[in-house]
Amino acid sequence: MDNSTHKTNLTQIHAKLLLLGIHQNGFLITKLINSAVNLGEISYARKVFDEFPDPDVFLWNAIIRGYSRYNMFANAIEMYSRMQVAWVSPDGYTLPHVLKACGGLQSFEMGRRAHGQIFRLGFEKDIFVQNGVVAFYAKCGKIASAKDVFDGLELRNVVSWTSMISGYAQNGQPIEALRVFDAMRVAGVMPDWVALVSVIRSHTDVEDLEHGKSIHGCVIKMGLELEPDLLIALTAMYAKCGQVMVARSFFNQMKVPNLILWNAMISGYAKNGYAEEAVVLFRKMISNNIRTDSITARSAVVACAQVGSVELARWMDNCISKSEHRDDIFVNSALIDMFAKCGNVDMARMVFDRTLDKDVVVWSAMIVGYGLHGRGWEALELYQLMKQAGICPNDVTFLGLLTACNHSGLVEDGWQLFHCMKDYRIEPRHQHYACVVDLLGRAGYLDHAYDFIMNMPIEPGVSVWGALLSACKIHRHVTLGEYAAQRLFSLESYNTGHYVQLSNLYASSRMWDRVAKVRVLMREKGLSKDLGYSLIEINGKLQAFRVGDKSHPRSKEIYEELESLERRLKQAGFIPHTDSSLHDLNYEEMEETLCNHSERLAIAFGLISTAPGTTLRITKNLRACINCHSATKLISKLVNREIVVRDANRFHHFKDGVCSCGDYW
């Protein structure tokens, strides 16, 4: 029997037993069932079991073990119940498999009854059984009970320690998992690959790459680097911690990567700024007909949102609509966010309207989308509909509402909404306070914004002081801006953006000596300003431009179009805002510099590369300057185009000489 390789061998042996009249020999039938289980022939094993007239504990153990081994937990528990009815007492080999089944089904009451039977039968010192109890409680989320059992063990083997480590890791307590692992090593117990998987996952959860690398070293020393579950855990760790190239090397080692591995790689790319690579990998999954799940879909949608291509967003939406995820509420929330971030808030609303059983996440995603595009009234209207639908807002809802009011100049509405948060017992976070400071500051209420900060119940953070500094730059309030900058420097002394903001404040006020001092300070700290660039989507592909960029193959045509636009702007009476050129230059130099800003180059390229009437979609990494904003408004009218620009703060929709922001940004 032990050498059987096919079901046919087992049926021949069974026939021989019948022929010899020994088919009711419990020992032989138990071996036959075990052989069937080892070959994966669980149905045949059950048939043989059912034909045996009076099975003993060994036969019951064989069939229960078989079901448990193949994760057929309901069948295992059913056989355990029948065993009780037949008055056959379980032994130390029955109960661990029953406990595994109870944990797999999270059948807490059945598992508790099994635990009670363990005491009645005197197995409280059986380490094999007790390890099963620890694992059962951990899988059911009763980690405190698991710890009580673990602490009561007189003797602990590697399985005992592993069960506890895995239990903490699976229940969202990675620090505790690592603490137990340290205690395991102090006790001189060598970990197995199962323990190492949980330890690596725990380091991943706390994003502790350095200690994770040390565990990777242990894996290599123990010769376990080809263990599939460890490869998956290492891929996830390196991907989440930003080492995506290392993660990809592990991914490529797997001949047939499983779904968990695909998800780890795609989400790792998406979370670490490799959005295009994430999309390419997702496309590969689709083309190879590899099954995806909700996590795959959400990660791919997030990646598309980062790319910012409307064409790609439409492809993703079409892909999701044909899949089993079309009604997944989490995927639809991500789609709403994707379309909003790709500049098409109307498509976001279409996804919102078709989503069934909207929860607070879906409503909030749409409100945040409206906020991003400065459509404050639509956000407020949706908020009223949300309340009428009986959905209770959360902190994200209010963040979206405050952003919408902020970008639309709805100061009173925003102020009231902030104070409404307490009605829902929502404690404002730093982002909420920063939104209110921005709301007040942009509107010119700088003293009110300062008083608001001074009366905050929590210590103001970077986002709050940053909002105040930004408002001071808009309204050229140098004294208060300097105070905000000093607070920022004390919190983040090596953040380039803070120094640039202060420099811009001085420059807008023509305080060139102070601009020079800030630049000297930046050089001393080894800081340099981020270069501005703009991306434009043409036929689904993104083209990048920098200030004064002449590297493009069609550079000559671009600058000819730019010169033509400048002539038309002047003829229409456009006067450059020279304040936007934050350098100590003469008027002619300023005017030339302003004409060559990256978004102007992107617009010129878009005009020569697309048919008349085509919407131009541009993404800028910095906040749009006043000059380019004013020029783009007029250009949209002169060329009869809609121009959508996403800057560092929000979306601007330029059409017929008007911007959706109402010149409030």
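**Questions about a predicted chain**

Guide: The chain holds 35 helices and 6 strands, where helices (H or I, at least four residues) and strands (E, at least two) are DSSP runs numbered from the N terminus. This is a predicted model, in which local features need pLDDT of at least 70, side-chain atom pairs count only at pLDDT 80 or more, and totals for chains, interfaces and linings use all residues. Residues are numbered from 1 along each chain as its sequence is written, and side-chain values use heavy atoms, with hydrogens and water left out.

Visitor: Why does Ile22 count as partly exposed?

Guide: Buried means under 20% relative accessible area, exposed over 50%, and partly exposed in between (1.4 Å probe, protein chains only). Ile22 has 32% relative accessibility, so Ile22 counts as partly exposed. Ile22 is found in the loop between H1 and H2.

Visitor: Which residues of helix H3 are buried?

Guide: In H3 (residues 42–51), the buried residues are Ile42, Tyr44, Ala45, Arg46, Val48 and Phe49.

Visitor: What covers the buried residues of H3?

Guide: The cover includes helix H1 (7–20), helix H2 (26–38), helix H4 (57–69) and helix H5 (73–85). Contact here means heavy atoms within 4.5 Å.

Visitor: What radius of gyration does the chain have, and what would a compact globule of 665 residues have?

Guide: The chain has 33 Å, but a compact globule of 665 residues would have a value near 26 Å. The radius is taken over C-alpha atoms, and the globule rule is 2.2 Å times the number of residues to the power 0.38. Along its principal axes, the C-alpha trace spans about 110 × 55 × 55 Å.
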